[in-house]
Amino acid sequence: MIGRPRSPRPSGGTTRTRHTLLGTLAGVAALLATGVTAAPASAAPEAGTMAPSARSSALDFWTPQRMRAATPLDILSVDRSDVRASAPRKGKATVVAPSAPGSDAGPLAIPHGGGPWSGGGAVTKTAGRVFFTYQGRTASCSGNAVTSANKSTVITAGHCVKMQGAWHTNWVFVPGYHDGQRPYGTWAASKTLSTPQWTASEDINYDIGAAVVAPLDGKRLTDVVGGQGLAFNTGYSKAMYSFGFPAAAPYDGEKFIYCSGTTFRDFLLSSDHGLTCNMTGGSSGGPWFTQFDEATGTGLQSSVNSFKYNFLPNAMYGPYFGADAQNLYQSAQSS
């Protein structure tokens, strides 16, 4: 988000501190304010790498108790005093087809401002919770498995892999998480990546992250849970579905929540998609889909949950998947 990221706070907290460009936290807004420029658009995304010993430690670290106690990484918040970030680069419209198998799901109403997803389908396997260590604390976000050459790529938000200058550690992905259950296992990241613009200056228009997860029990991620498709450079004002695992009040991180509706282009400070949605902290990084089929639970991932304006609490914003998002995906799937 454009404003300074807030530190994670316990789920259920009610105090909402306003952070602006001139606040005291170090991070994205400070870099924007001091004129730090983004890395060249053609540069390869920087990555955080995890040695095999670190991956093994992460799997041991994330006990059920620690997962329940993890604090949701807040949805980034933006105030009126924040500056406009750079507009995302556009490119040729490109679609990657889903590899997730279809399954039955009952039709649900669109639009929807936030509630439990009861339709089933492939999305209940490809989407999941993300857990990591941030500034010495345990924290959570959301993510989604996508079709990829390495069958091991997860898409999430940039601030769910790196924030305030540091890559998160003990990073794992739990697809299909619900009610404390891990039906498809816990997958440790071998590498986390973000766009050059997020890596360099935490530019809100590029708040997109990816992880390459190591095999589990000799199997690769999308061989187990399937992979959603992706869409890049396909425009604005689309019917979209947003999913995530919000863990801040009134949610608790144990349920899979969705919002749906026709998106609008942010007319204030970013070039993001906007959607009426009441999801809270912990949903960051959850997928947004165009061409989402309720009957199969499959779609084309076109954004992620990223930020909210302090003065528009019922609207969620997600970055436009343009040329740099596509480059990030290519870098991840070729890792």
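Analyst: Let's start with the term itself: a disulfide is a pair of cysteine sulfur atoms within 2.5 Å. By that rule, the count here comes to two disulfides.

Before we zoom in, a word on what you're looking at. This is a predicted model, where local features need pLDDT of at least 70, side-chain atom pairs count only at pLDDT 80 or more, and totals for chains, interfaces and linings use all residues. Residues are numbered from 1 along each chain as its sequence is written, and side-chain values use heavy atoms, with hydrogens and water left out.

Now the link between Cys141 and Cys160. Their sulfur atoms are 2.2 Å apart, and with -80 degrees about the S-S bond the link is left-handed. This pair ties together distant parts of the chain, 19 residues apart: Cys141 is in strand β7 (residues 137–145), while Cys160 is in the loop between β8 (153–156) and β9 (162–163). Those element names come from DSSP runs, numbered from the N terminus: helices are H or I with at least four residues, and strands are E with at least two.

Are these cysteines buried or exposed? Buried means under 20% relative accessible area, exposed means over 50%, and partly exposed is in between (1.4 Å probe, protein chains only). Cys141 has a relative accessibility of 0%, so it counts as buried. Cys160 is buried as well, with a relative accessible area of 0%.

On to the other bridge, Cys259 to Cys277, with an S to S distance of 2.1 Å. Here the angle about the S-S bond is 65 degrees, and the link is right-handed. It also joins distant parts of the chain: Cys259 is in strand β16 (residues 257–262), and Cys277 is in the loop between β18 (273–276) and β19 (287–293), 18 residues away. Cys259 is buried because its relative accessible area is 0%, and Cys277 counts as buried because its value is 1%. If you count the bonded cysteines along the chain, the disulfides follow the pattern 1-2, 3-4.

So what's around them? Contact means heavy atoms within 4.5 Å. You'll find Arg129 in strand β6 (residues 127–134), and it is buried because its relative accessible area is 2%. Its side chain reaches the backbone oxygen of Gly253 at 3.1 Å.

Rings of Phe, Tyr and Trp (its six-membered ring) pair if their centres lie within 6.5 Å; planes under 30 degrees apart count as stacked, over 60 as edge-to-face and the rest as tilted. The structure holds 23 aromatic pairs. Take Phe243 and Phe256: their ring centres are 5.2 Å apart and their planes are at 20 degrees, so the pair is stacked. Phe243 is in strand β15 (residues 239–244) and Phe256 is in the loop between β15 and β16, 13 residues apart. Both Phe243 and Phe256 are buried. Compare Phe307 and Tyr309, an edge-to-face pair with 5.1 Å centre to centre and 85 degrees between the planes; both of these are buried too. Ring pairs also link a cluster that includes Tyr177, Phe243, Phe245, Phe256 and Tyr258.

Lastly, how far should you trust the picture? The predictor's confidence in each residue is its pLDDT, from 0 to 100. The mean for this protein is 82, and 77% of its residues reach 70 or more. Residues 1–44 stay under 50, though the model has 124 contacts beyond four places in sequence for them. The pLDDT is also below 50 over residues 103–107. Where pLDDT is low, the predicted coordinates should not be read in detail.

Terms used. A polar contact is a pair of N or O atoms within 3.5 Å; within protein, one must be able to donate a hydrogen and the other to accept it, and residues adjacent in sequence count only if both atoms are side-chain atoms.
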